[in-house]
Structures are given as C-alpha cells and as structure tokens.
Amino acid sequence: MVNSSLSPNSSCSGATGAVAQKIGRFEAANGGTLFLDEIGDIPLELQAKLLRVLQEQEFERLGSTHTHRVNVRVVAATNQDLGQLVADRLFRMDLYYRLNVFPIAVPPLRHRLGDIPMRVASFVHRYAKSMSKDIEKIPSHAMEALARNSWPGNIRELQNVIERAAILTKGDVLELPALPAGAAVSKEPVTLEEAERDHILNTLRETNWVVGGTAGAAARLGVKRTTLISKMRRVGLSRAMASERV
C-alpha cells in the first residue's frame, strides 16, 4: 500500500515528468483515512519512509524536491505478531509504537462462528452478481460444514471457498465444493494464546461473565480484575459477548 512515490528520499534516474506528478496513496487520502493492510510485511527500508510520513505528515513525490504536507488518519492491520517482529529486528520499534495508538484485537474466524452465515450470504450475493448467476439458496448442510471448518486463512479463505462454490454452481442452490481434509475444528488449542483465550472464556461462562468480586472470573483465575480485563481485550473478549455464541 505504501510505495516509493511517497518516499521522502526516493530517487529514480529513469523518472519522467509524468511519473513525478503521479499522486500517491497518502496524497490521495489527504483529509481522510488510509487503510494499510498487512503492515507487518512492509520491508525495513520502506518502514523508515512510512514513519516519516506518519510523524512529520510530509513527503516528496518520486522525482520531485517539493515537500507536500498531508493530514491522514491511518488504520493498519496485520495477522502477524508485531511485537515479535520488533524483537527479531524485522519491524522498527519506533514505527510499531507510532502505529500502536489504539490497538483492536480481532479474534480469528473460528472464534466468531456466528459471523459465518452473514459473511457467506454476502460473498454469495457478490459473486453471483459478478458471474450473472441467480443463486438464491444456501443449503443448511453446506452452512453447517462451513461452521465446522477451522479456517486457518480466516476471512480470505472463506471468501475463496465461496467464490469457487459460485463458479461450480449451475442452478439457484449453492454447490459447496469439498473442503480440505482435516479442516474440522480442533478440540485442542494449537497455540498458547488460544489456550489462554479458551480458559478465560470458559471461566467467564462459569461465572456468568462476572469479572470482579470474590466469586468473579478474576478471582478464579488468580489475577487482578484490571489484569483480566486487559487480557480480555487482547484476545477479543468482552461482556457484550455474554448473550452471543462465541
């Protein structure tokens, strides 16, 4: 999403006048919001340039010496552990703290099974329209199979499966292709973070989502109330989920 046209110190011997005048992402988003997806994949050399734009709110176009100022709100997303990337010197610490102003932990799709029907319906409508097909029905057994899947690739994987299903569908009933073998949800957590989330969730359910007090989840887990609330935020749990299927 961040390219060399935004770089404060970029140069290119083959740059033409047309290239020099090309408007980059930050300039196009001036006065609005810019979404940077997969921020953890940005090379180190571009991280320094992105940091300057975020801190100084200025840049030079590729092939230009004129400084442009911008006012852009940045929303960044990643599926990687940026803290670990910082420790491994693969992500700049100063950029990490510059971006980490208001972190929002989004649980993986397998922990948001209630989202699947809505997502599936949306994807079916989108691909049916783009393929000029009239797909009106999603069989219950297909939806159940989708809900049982572990979705290691999260939303993108679900989207790909539905697009493939739309391609294969010949009538008005969605024809779901066979899901990869071994895709069923594992009963055992596969990471320490998942194990911690499951343990906190089970304790919250046992205490009817009461966090504080002598009979609350924090006391059962042996931690302070504020510590538990912080952990809940980090793993994407909130009291609002008490009445939902998590």
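Which residues of α9 are buried? I began with this question, keeping in mind that I am reading a predicted model.

**Entry on α9.** I found that the buried residues of α9 are Glu 194, Arg 197, Ile 200, Leu 201, Thr 203 and Leu 204, and that the elements covering them include α10 (217–221) and α11 (225–235). I then looked up the length of helix α9, which has 15 residues, 192–206, and reaches 21 Å from its first C-alpha to its last, close to the 21 Å expected at 1.5 Å a residue. Just after α9, I noted that Asn 208 takes a positive phi of about 55 degrees.

**Entry on α6 and α8.** I next looked at how helix α6 (residues 116–130) meets helix α8 (residues 154–168), and found that their axes come within 9 Å and cross at roughly 45 degrees. I therefore wrote down α6 as oblique to α8, and the crossing as right-handed. On the α6 side the contact is made by Arg 119, Val 120, Phe 123, Val 124, Arg 126 and Tyr 127, while α8 brings Ile 155, Leu 158, Gln 159, Ile 162, Glu 163 and Ala 166. Sorted by class, this contact has eight nonpolar, one polar and three charged residues.

**Entry on Arg 92.** Last, I looked up Arg 92, which lies in the loop between α4 (82–87) and α5 (93–99). I recorded Arg 92 as partly exposed, because its relative accessible area is 30%. Leaving aside neighbours within four places in sequence, Arg 92 is in contact with Leu 44, Gln 47, Ala 48, Leu 51 and Val 86. Of these I checked Leu 44, which is 48 residues from Arg 92 in sequence and 7.2 Å from it in space, C-alpha to C-alpha.

Note on methods. Residues numbered from 1 in each chain as written. Predicted model: local features only at pLDDT ≥ 70, side-chain atom pairs only at ≥ 80, totals over all residues. Heavy atoms only, no water. Helix = DSSP H or I, 4+ residues; strand = E, 2+ residues; numbered from the N terminus. Buried < 20%, exposed > 50% of the residue type's maximum accessible area, 1.4 Å probe, protein only. Contact = heavy atoms within 4.5 Å. Axes fitted to C-alpha atoms, helices over the stretch in contact; angles between N-to-C directions. Parallel < 35°, antiparallel > 145°, perpendicular 65-115°, else oblique. Left-handed = near helix turned anticlockwise from the far one by under 90°. Nonpolar A, V, L, I, M, F, W, Y, C, P; charged D, E, K, R; others polar. Expected span 1.5 Å × (residues − 1).
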